[in-house]
Amino acid sequence: MKKGIAASKGYAIGKVLIKEEIEVKVEEKVIENVQEEVTRFNKALEASKEQLFKIKEKAEKELGADKAAVFESHAMLLEDPEFAGAVQMGIESNKVNAEKALEDVLEMYSNIFASMEDEYMRERGADIKDVGKRILANLVGKASGVSEYEDNTVVVAHDLTPSDTAQLDKSKVIAFLTNIGGRTSHSAIMARTLEIPAVVGLQDITSAVKDGDSIIVDGIEGIAIINPDEETIKTYEEKKVAYEAEKEELKKLISVKTVTKAGKRVEVAGNIGKPEDVHQVLANGGDGIGLFRTEFLYMDRDDAPTEEEQYEAYKYVLEKMEGRPVVIRTLDIGGDKTLPYLPLPEEMNPFLGYRAIRLCLDRKELFKIQLRALLRASVYGNLKVMFPMISGLEEFLQAKEVVEECKAELKAEGIEVSENIEWGIMVEIPAAAVYADELAKHVDFFSIGTNDLIQYTLAADRMSEKVSYLYNPMHPAVLRLIKMTIEGAHKEGKWCGMCGEMAGDEKAIATLVEYGLDEFSMSASSILNAKKLIMQN
Ligand code: PEP
Ligand code: MG
């Protein structure tokens, strides 16, 4: 038995197919005919584009447009004249073969991305490697397009790139296992979208199995059992049947309104990072969007999104949600989230530093672009806006002043703004929780951000493995703050939601129902299970 990281839920019993990496060994060669070498590179680039186009088409059909979007960044690199130009220059000035020039440029790009602090940006480095491998394979005539698989295949690989994962034929491939990767790696995210079980980070699974071995994949415990005996197979067959039945059963809740045992109607909403994520929230029966982390619109690019771009993104979400509540959080940058084009001062404690609303109130020009976009989009649905990292009343009032300034500007420009926008705050700093009864007099709603609230309350960094034993959502002090926040809101007739991970935590739901939480917001795949648990309490 091998233990790894459970990346996608479910059970599978099948046959191993080891996916070999197409390893191209690059040898440096001095070349005579520079032009010939440049042409060879350009041909490989064109072939890569064509293959990628086909893979993207397949991914769109099987995974949906949002997940296929990862190939946009691959295509972007292939079409980036600077990238192609750098390789060409390498060939011309160093008189080396295309493989070597390409390898040098890839290394330079990868190093830049690998040194970035932000996990999301580091993952872009993996995309570059993926594309680079494809061009290299094309240069030596080894690249593959879309692979064929046999029934009941469990793909075992050192790592799976996004394009590998997208090529998995869901009717044949029933699970996958990899040596490396974590829960947030692209292949893990795609496995959850494909809804096939997966275990990643198994370290040496590729050398522990051979093609044709029978294997059990347990995507719940994060284990793989190689060549299991009859009895184990039987146990897992039963587990699989029970799991599938449970999943089917949960689907019945898609259009059910969530009501607690005491008869209180609560909303179960989804957290999103990109506009296209709304589709998964809807498919899982989400009542609305409880948190749109807008900073993702600002990431993975060279400059801040314009007012127009943001307006389109917010309008898209509001329209797709057809009048259901949509809570959009204003820019929460700083802490662990940085932007390449927005240099922030070096700080000893970035989580306690210049971030979120503090930064927005200081950089009003940046804040106003977002607020104008939100106000303009407000006429397309049921918009609620919240400010992150509010520590006291003054910050909320200042933010509202900037909102009023933007409203006046838009009015002068003859642009319509909805009268029904609600304005709320994230309660993620203990001070805001303690002061909730006063703050509730001024805001329309609260959304408790437990991810940060827990780290600040217990002084236990949410990023640190070493103190993760202290990071406990059920700590009595954390629970008290949550209770105070909900009661504070209710005393003033306001509603209170929660958009931190705790809202979908099986161990916490009963307590949150007891405290009277009005809205639970979480990742789309947790919604149906949360609905079930809320209704049992
Ligand atoms: C939180 O802090 O709980 C939260 C939802 O925000 P983020 O995880 O983006 O900091
Ligand atoms: Mg937070």
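**View 1. Thr178 sits in strand S5, residues 173-178.** Helices (H or I, at least four residues) and strands (E, at least two) are DSSP runs, numbered from the N terminus. The model is predicted: local features need pLDDT of at least 70, side-chain atom pairs count only at pLDDT 80 or more, and totals for chains, interfaces and linings use all residues. Residues are numbered from 1 along each chain as its sequence is written, chains are lettered from A and ligands numbered from 1 in the order in which they are written, and side-chain values use heavy atoms, with hydrogens and water left out. Thr178 is buried, at 0% relative accessibility. Buried means under 20% relative accessible area, exposed over 50%, and partly exposed in between (1.4 Å probe, protein chains only). The Thr178 side chain reaches the backbone oxygen of Ile180 at 2.8 Å. A polar contact is a pair of N or O atoms within 3.5 Å; within protein, one must be able to donate a hydrogen and the other to accept it, and residues adjacent in sequence count only if both atoms are side-chain atoms. Leaving aside neighbours within four places in sequence, Thr178 is in contact with residues including Ala157, His158, Asp159, Val199, Val200 and Gly201. Contact means heavy atoms within 4.5 Å.

**View 2. Ligand 1 and the residues around it.** There are 13 residues around ligand 1, and Arg293, Arg329, Gly449, Asn451 and Arg462 come nearest. A residue is near a molecule or strand if one of its heavy atoms lies within 4 Å of it. An oxygen atom of ligand 1 is 2.8 Å from an N or O atom in the Arg329 side chain. An oxygen atom of the ligand is also 3.1 Å from a polar backbone atom of Thr450. For Asn451, a backbone N or O atom lies 2.8 Å from an oxygen atom of ligand 1. The protein covers 98% of the 290 Å² of accessible area that ligand 1 has on its own. Accessible areas come from the Shrake-Rupley method with a 1.4 Å probe; for residues, only the protein chains shown count as cover. Strand S10 (289-293) and helix H19 (450-458) are the elements that give two or more residues to the shell. H19 gives the most, with three residues. By type, the shell has three nonpolar, four polar and six charged residues. Ala, Val, Leu, Ile, Met, Phe, Trp, Tyr, Cys and Pro count as nonpolar, Asp, Glu, Lys and Arg as charged, and the others, Gly among them, as polar.

**View 3. Arg329 and Arg462, two residues that UniProt lists under "binding site".** The unreviewed entry places that feature at Arg293, Arg329, Asn451, Asp452 and Arg462. UniProt positions are given in the numbering used here, feature names are shortened, and annotations may be inferred rather than shown by experiment. Arg329 is found in strand S11, residues 325-329. Arg329 is buried, with a relative accessible area of 3%. Beyond its neighbours within four places in sequence, Arg329 is in contact with residues including Leu291, Phe292, Arg293, Gln370 and Met426. Arg462 lies in the loop between H19 and helix H20 (476-491). Arg462 is partly exposed, with a relative accessible area of 32%. Again setting aside neighbours within four places in sequence, Arg462 is in contact with Phe351, Asn451, Asp452, Gln455 and Tyr471.

**View 4. Glu428 and Asp452, listed by UniProt for "binding site" in an unreviewed entry.** The pair is spread over 25 residues of sequence yet clusters in space: the largest C-alpha distance is 5.4 Å. Glu428 lies in the loop between strand S13 (422-427) and helix H17 (430-434). Glu428 is buried, with a relative accessible area of 2%. Not counting residues up to four places away in sequence, Glu428 touches Pro388, Met389, Gly449, Asp452, Leu453 and Tyr456. Asp452 is in helix H19. Asp452 is buried, with a relative accessible area of 3%. Leaving aside neighbours within four places in sequence, Asp452 is in contact with Phe351, Arg355, Glu428 and Arg462.

**View 5. Asn227 has a positive phi.** The angle is about 40 degrees, although Asn227 is not a glycine. Asn227 lies in the loop between strand S8 (223-226) and helix H10 (230-251). Asn227 is partly exposed, with a relative accessible area of 44%.

**View 6. Ala459 has a positive phi.** Its phi is about 50 degrees, although Ala459 is not a glycine. Ala459 lies in the loop between H19 and H20. At 69% relative accessibility, Ala459 counts as exposed.
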